[in-house]
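Let's walk through a ligand site and then look at one spot elsewhere in the chain.

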Amino acid sequence: MIEKYKDSLRDSIKKIAVFRNLPDRYAQLIADGFSMVNFRKGDPIFYQSDKSTDLYVVFRGKVRASLLNREGEEFVLDVFGEGDFFGEMSLLDGRPRSASAIANEDAALGFLRRDKFLETIKAEPMIAIEMLNALVHRLRKTDDVIGTLAFLDVSERLLKFFREIAKTEGKKDKDGLLKIKKQTHKELASRIGSSREAISKALRILWFKKLVSERDGYFLVSPDAGGLSEEKVSA
Ligand code: CMP
């Protein structure tokens with residue numbers, strides 16, 4: 001029974017991008033070192049500055065990495081889904097967690113101890129190259145976020161965010177408008193680095209410009225590449 005479970009864990013591990021080129025024996029080594037843990041939506045997995053150094057992989061559900069301030073305001077750095085890993089920064093440099101990790105929905109995670117991971121990397125350096133690739137990808141995304149925060153006002157950021165999630169949600173209504181499941185103003189604020197009040201104002205501007213409307217629990221967003229920049233309105 002346990003052998004069967006380990007085999008299926010090894011197969012799941014080989015589906016994860018960072019481990020996909022691992023020869024079976026190393027995938028087995030990683031599978032042997034993994035422990036599984038379940039979290040309910042909203043549960044913290046760890047907090048920023050915690051001293052843990054395990055690597056986590058998402059097997060089911062979603063987890064967000066966030067910065068939280070003293071007032072409990074949140075800025076979401078990224079959301080990780082099935083096959084993604086997180087916790088690699090403390091894993092690699094042994095320093096405290098750079099951000100908090102919170103279950104965005106019910107989630108099943110595997111975690112691997114730092115020593116086990118370093119042992120496997122030494123045996124199979126290809127894992128390090130895959131991980132570097134993933135880190136560079138994250139850095140590029142972060143650069144994009146910095147550019148967005150530096151150069152776009154709140155309504156432009158919101159429009160950009162809607163169009164980005166539409167790429168993954170991929171739903172359109174009969175008029176060709178992008179359909180995005182409604183989120184609270186607080187949730188939107190945490191995704192684009194803003195406040196609830198500024199989001200309300202930005203939504204009013206987007207509604208007035210006929211770029212965003214709301215219906216049946218969805219935001220409907222104009223798919224045109226353009227938006228506010230030609231006639232910039234400050235939110
Ligand atoms: P670690 O510092 O160990 O714990 C917090 C985790 O959040 C971090 O590892 C990364 O996995 C993730 N994280 C931190 N900053 C970013 C970022 N800018 N983009 C994506 N993920 C991040």
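An oxygen atom of the ligand sits 3.4 Å from a polar backbone atom of Met89; a polar contact here is a pair of N or O atoms within 3.5 Å. Ser90 also uses its backbone, with an N or O atom 2.9 Å from an oxygen atom of the ligand. With Glu88 it's the side chain: one of its N or O atoms is 2.6 Å from a ligand oxygen. The protein buries 92% of the 450 Å² that the ligand exposes when taken alone (accessible areas by Shrake-Rupley, 1.4 Å probe).

Keep in mind that this is a predicted model, where local features need pLDDT of at least 70, side-chain atom pairs count only at pLDDT 80 or more, and totals for chains, interfaces and linings use all residues. Residues are numbered from 1 along each chain as its sequence is written, and side-chain values use heavy atoms, with hydrogens and water left out.

What makes up the shell around the ligand? It has 15 residues (a heavy atom within 4 Å of the ligand), and Gly87, Glu88, Ser90, Arg97 and Ser98 come nearest. The shell splits into 7 nonpolar, 4 polar and 4 charged residues, with Gly counted as polar and Asp, Glu, Lys and Arg as charged. Strand S5 (74–80), helix H3 (88–93) and helix H5 (126–151) each bring at least two shell residues; helices are DSSP runs of H or I with at least four residues, strands runs of E with at least two.

Now for Ala123, which belongs to helix H4 (residues 114–123). Its relative accessible area is 35%, so Ala123 counts as partly exposed (between under 20% for buried and over 50% for exposed). Ala123 and Tyr26 are 97 residues apart in sequence, yet 8.0 Å apart in space, C-alpha to C-alpha.

Methods
Polar contact = N/O pair within 3.5 Å; in protein donor to acceptor, adjacent residues only side chain to side chain. Buried < 20%, exposed > 50% of the residue type's maximum accessible area, 1.4 Å probe, protein only.
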